[in-house]
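User: Hello! Could you walk me through how to read some features of this structure?

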Amino acid sequence: MGVLQLTASHLPYTRNGLKFFTRKGGLTSPEVEVLCDRAAWKYANRQARASTSLPTRPSRVDFMSAYSQHLRDIIKKRVNHPLHYDTPLEGFQIIVNAGNGSGGFFTWDVLDKLGANTIGSLHLDPDGMFPNHIPNPEDKTAMALTRAAVLENSADLGIVFDTDVDRSGVVDSKGNPINGDKLIALMSTIVLREHPGSTIVTDARTSMALTRFITDRGGHHCLYRVGYRNVIDKGVQLNKDGVETHLMMETSGHGALKENYFLDDGAYMVVKIIIEMVKMKLSGSNEGIGSLIKDLEEPVESVELRMNVVSQPRHAKAKATEAIEAFRAFVQEGKIEGWELDSCGDCWVSDGCLVDLIDSPAPIDAHMYRAEVSDAKHGEHGWIHLRQSIHNPNIAVNMQSLVPGGCQSMARVLIDKFLITSGMNKVLDISQIRSYAESGNNS
């Protein structure tokens, strides 16, 4: 038995998403590819015929009302307000920016019914043309508009959803955006209070400072492949192996909790944050949720660049894989001084989890590697991560540095010691990397 869900997308309005589920959860990218290949083969050979009759009459189910009620019940039960149990959000002003996606329901069907003041909320009506900004918690315009609304209305919290609400970000009462590493740190704080010693799984683009933040609070940090399904599936695997893992989050805002059936659910994540915010207020604290991550250090520099694959579309994936594997070989063979392949970061769970040197390795949906960067003057001071895009014919290059100019230096080394030397500059459009290496500007 399976389920096919048609979803919205933060990508251009011409694209939508199809998600496939079984009783075990969502299918991975390789599993979807196999499913589509089989369907295409059957269609080509006319072995699958559309049925004009159904064994049972279809029924219409109002899932959204049931889901909203579920979220309201969780907030009421876990806050357990001593004065007004049914309206625990009385006295709180919360701004929602749905970005003209499908997240507006959270305003009127969850927050309003729990007593919150949601005046000042933004872009609640669905519009697939996204006339105001891309509905994406990583989008700078989305976060800036939400920040402005929070400050203008003296709100307690701002919420940013992506189009189909499987991702979220927040803004605290002081107008500080909380997404990426900051959101993971906030959720880690909440989860580790409830489940001391839990492992937190993230993608490999998180900072070294986040690892220290998690371990300082008694948690364990497992770095894994980029891709929210990869991160979630790693958490499922660890729990099956007896490693208590309650939170899996990607820097994109995708996050899943063991208590919520390992589903990437942006609204549920926000519910956890709201509950913590109300509990802090009831305990007499006026600091707000931003105070929970005040100890998180930020990298001096953090950059993401892209290299398009110069190839016919049908060959692009293979060419990108070739380039990524060439990068691995160059680093592993010591051809780039001071760069060392990071097999698992500071992960304690199992050696080499980024490349799955374990008994049951997960299928590879996209090739990617991360290298630690060191030099004689600064020691280990950053990392570079190359990742094959699943959706587009390009390679993402992420870099973080603890020293000024470190990312620009990495870009120069990447060009001189790998891209040109290996000949991969003939396969990849390196103009964006070159521009950044020369100017230090990635805009």
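Analyst: Gladly! Let's begin at strand 1, residues 2-7, where L4 lies; strands are DSSP runs of E with at least two residues, helices runs of H or I with at least four, both numbered from the N terminus. This is a predicted model, where local features need pLDDT of at least 70, side-chain atom pairs count only at pLDDT 80 or more, and totals for chains, interfaces and linings use all residues. Residues are numbered from 1 along each chain as its sequence is written, and side-chain values use heavy atoms, leaving out hydrogens and water.

User: Is L4 buried or exposed?

Analyst: L4 counts as exposed because its relative accessibility is 54%; buried means under 20% relative accessible area, exposed over 50%, and partly exposed in between, with a 1.4 Å probe and protein chains only.

User: How do I read a sheet?

Analyst: Strands of a sheet pair through backbone hydrogen bonds, either parallel or antiparallel. Here, an open sheet of 4 strands has mixed pairing and the order 4-5-6-7. Strand 4 and strand 7 (177-178) are at the edges with a single partner strand each, so one side of each has no neighbour in the sheet. Two strands pair if DSSP finds at least two bridges between them.

User: How many bridges join strand 6 to strand 7?

Analyst: There are 2 bridges, and strand 6 (residues 168-172) and strand 7 run antiparallel. V171 has P177 of strand 7 as its bridge partner.

User: What does V170 touch?

Analyst: Leaving out residues up to four places away in sequence, V170 touches several residues, including M143, I159, L183 and I289. Contact means heavy atoms within 4.5 Å.
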